[in-house]
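Please keep the sequence and the coordinates in view while reading.

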Amino acid sequence: MLFVAPSISAFMAYSSIDTSSSPMKYNKGLLDTTSSFMSPYYQAPEDGVYLFFWNMHANNIRLKSFLQVNDTTVGQTIGDATSADYEGSSNLAILRLRKNDRVKITHDGTADEDQTMISGYLLFN
């Protein structure tokens, strides 16, 4: 008997260029198992509890980022690189989402390339 795993939503994307776009636009997608990530948004394909992790990388500035669900802030990071060349800031959130809820990252400055990323996956429904 062949076991077929259910399709679990999981994605990961990052930016390979400096960007000041808000919401954050990611130009490199590494994984998207259910085609639910359409930069700059992740759209929940089903009701469930999801885990999101994001990292922002700042170069010589103070950079705040906000994880938002349907335009409501549910998490944030603050990285202060004003006294250092670079500063990374990360956070993790576990959220109950409904089908078609939209998740995005907004920010208040320029995010540095390569270290700025987002990932997420469905834990259970």
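A residue is called buried when its relative accessible area is under 20%, exposed when this value is over 50%, and partly exposed in between, as computed with a 1.4 Å probe on protein chains only. The model is predicted, so that local features need pLDDT of at least 70 and side-chain atom pairs count only at pLDDT 80 or more, while totals for chains, interfaces and linings use all residues. Residues are numbered from 1 along each chain as its sequence is written, and side-chain values use heavy atoms, with hydrogens and water left out.

By these cut-offs, both Phe11 and Phe37 are buried, the latter with a relative accessible area of 14%. Rings of Phe, Tyr and Trp (its six-membered ring) form a pair if their centres lie within 6.5 Å; planes under 30 degrees apart count as stacked, over 60 as edge-to-face and the rest as tilted. Seven aromatic pairs are found in the whole structure. One of them joins Phe11 and Phe37, stacked at 4.9 Å centre to centre with 10 degrees between the planes. Phe11 belongs to strand S1 (residues 10–14) and Phe37 to strand S3 (residues 37–38), so this pair ties together parts that are 26 residues apart in sequence. Strands (E, at least two residues) and helices (H or I, at least four) are DSSP runs numbered from the N terminus.

Phe37 also pairs with Tyr26: the ring centres are 6.0 Å apart and the planes stand at 55 degrees, so this pair is tilted. Tyr26 lies in the loop between S1 and strand S2 (28–32), eleven residues from Phe37, and is buried at a relative accessible area of 7%. Ring pairs link Phe11, Tyr26, Phe37, Tyr42, Tyr50 and Phe52 into a cluster.

Ser36, in the loop between S2 and S3, is buried because its relative accessibility is 4%. Its side chain makes a polar contact (a pair of N or O atoms within 3.5 Å; within protein, one must be able to donate a hydrogen and the other to accept it, and residues adjacent in sequence count only if both atoms are side-chain atoms) with that of Thr34, at 2.7 Å. Beyond four places in sequence, Ser36 is in contact (heavy atoms within 4.5 Å) with Ser9, Tyr41, Tyr42, Gln43 and Pro45.

Asn59 is placed in strand S5 (residues 48–59) and is partly exposed, with a relative accessible area of 29%. The side chains of Asn59 and Asn60 make a polar contact of 2.8 Å. The C-alpha atoms of Asn59 and Asp112 are separated by 6.3 Å, although these residues are 53 residues apart along the chain.
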